[in-house]
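Here are my notes on this model, point by point. Please keep the structure open while reading.

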Amino acid sequence: IMVNSFLTVSEQVFILFILIAVGFVCGKTKLINETGSKAMTEIVLHFVTPCVIINAFQREFDVNMLIKLVVSAVCSALILLFSIIVAQLLFKKHNPDKASVYKFATVFSNCGFMSLPLQQALLGDEGVFFGATFVAMFNIYVWSYGLITMKGKSEKGATFKVLLNPGIIGTTIGIVLFLCSVTLPSIVAQPVGYMAALNTPVPMLIIGFYLSKAD
């Protein structure tokens, strides 16, 4: 079973790397430029990711799934809190300006771009269902602790940025639909599904593009 799981993960990661390679080639050949990459990133963050989350929550209400969802949220919060403690201990003696960057990089991963496509490929909608919980917690931490770490103080309106973040909005809508067992009508569900389908290829192309610009 472990060997099969390893091969499955390896296969899916390899597929993602092929997509990254396409983005790399597009970057080197100027088919994707900085402006196009930024536009694609905005589309992924503001439309694709919320649609992926909403699509994953399109399921009949189940008490067991709700309990697992709460456990997932608590675990996500604790994992991020543990990462913050580790980062604080590791970099407390470093230059404050550099330390803030190191702390941020230690705590916050590229989970929105990399984890959701991988979870979708490996575990389907159920993987995204729980993965979306981590992304929601991630967004809460990044717009609170992350913002304070990088700026040295809480930014005015940061609370609204947390609440109005696309990931939080998508998760909130998804949870409400799940709790109420509401199935989106086909005319809405299909566009959401089409947008969600972009979650794997587009982020990988963007990552490939940025790798093409790296030294």
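1. Gln-12 first. Leaving out residues up to four places away in sequence, Gln-12 touches Leu-118, Ala-121 and Leu-122. Gln-12 sits in helix H1, which covers residues 2–28. The relative accessible area of Gln-12 is 16%. Gln-12 counts as buried because that value is under the 20% cut-off. Bear in mind that this is a predicted model.

2. Next, Cys-26, also placed in helix H1. Its relative accessibility is 15%, so Cys-26 counts as buried. Beyond the residues up to four places away in sequence, Cys-26 touches Leu-31 and Ile-32. Cys-26 and Gly-208 are 182 residues apart along the chain, yet their C-alpha atoms are separated by 8.1 Å.

3. How many disulfides does the structure hold? The number is zero. A disulfide would need a pair of cysteine sulfur atoms within 2.5 Å. Cys-51 has a relative accessibility of 14%, and therefore counts as buried.

4. On to the nonpolar cores. Which residues have the most contacts inside the largest nonpolar core? They are Val-107, Phe-108 and Tyr-141, in a core of 26 residues. Two or more residues of this core come from each of these elements: helix H2 (34–56), H3, helix H5 (111–151), helix H8 (186–196) and helix H9 (201–212). H5 gives the most, with eight residues.

5. Setting aside neighbours within four places in sequence, Val-107 is in contact with Leu-80, Ser-83, Ile-84, Ala-87 and Tyr-145.

6. Now the surface. Val-70, Val-74, Leu-78, Leu-81, Ile-85 and Leu-89 make a nonpolar surface patch of about 550 Å². One of these patch residues, Ile-85, is in helix H3 (residues 63–90). Helix H3 is also among the elements that give two or more residues to the core of 26.

7. Is Ile-85 buried, partly exposed or exposed? Ile-85 counts as partly exposed, because its relative accessibility is 45%. Patch membership needs over 30% relative accessible area, and Ile-85 is in the patch.

Note on methods: Residues numbered from 1 in each chain as written. Predicted model: local features only at pLDDT ≥ 70, side-chain atom pairs only at ≥ 80, totals over all residues. Heavy atoms only, no water. Buried < 20%, exposed > 50% of the residue type's maximum accessible area, 1.4 Å probe, protein only. Helix = DSSP H or I, 4+ residues; strand = E, 2+ residues; numbered from the N terminus. Contact = heavy atoms within 4.5 Å. Patch = residues over 30% accessible without salt bridge, like charges linked within 9 Å, V, L, I, M, F, W, Y side chains within 5 Å. Areas by Shrake-Rupley, 256 points an atom, 1.4 Å probe, with all protein chains shown as cover. Salt bridge = Lys/Arg side-chain N within 4 Å of Asp/Glu carboxyl O. Core = buried A, V, L, I, M, F, W, Y, C linked by side-chain atoms within 4.5 Å.
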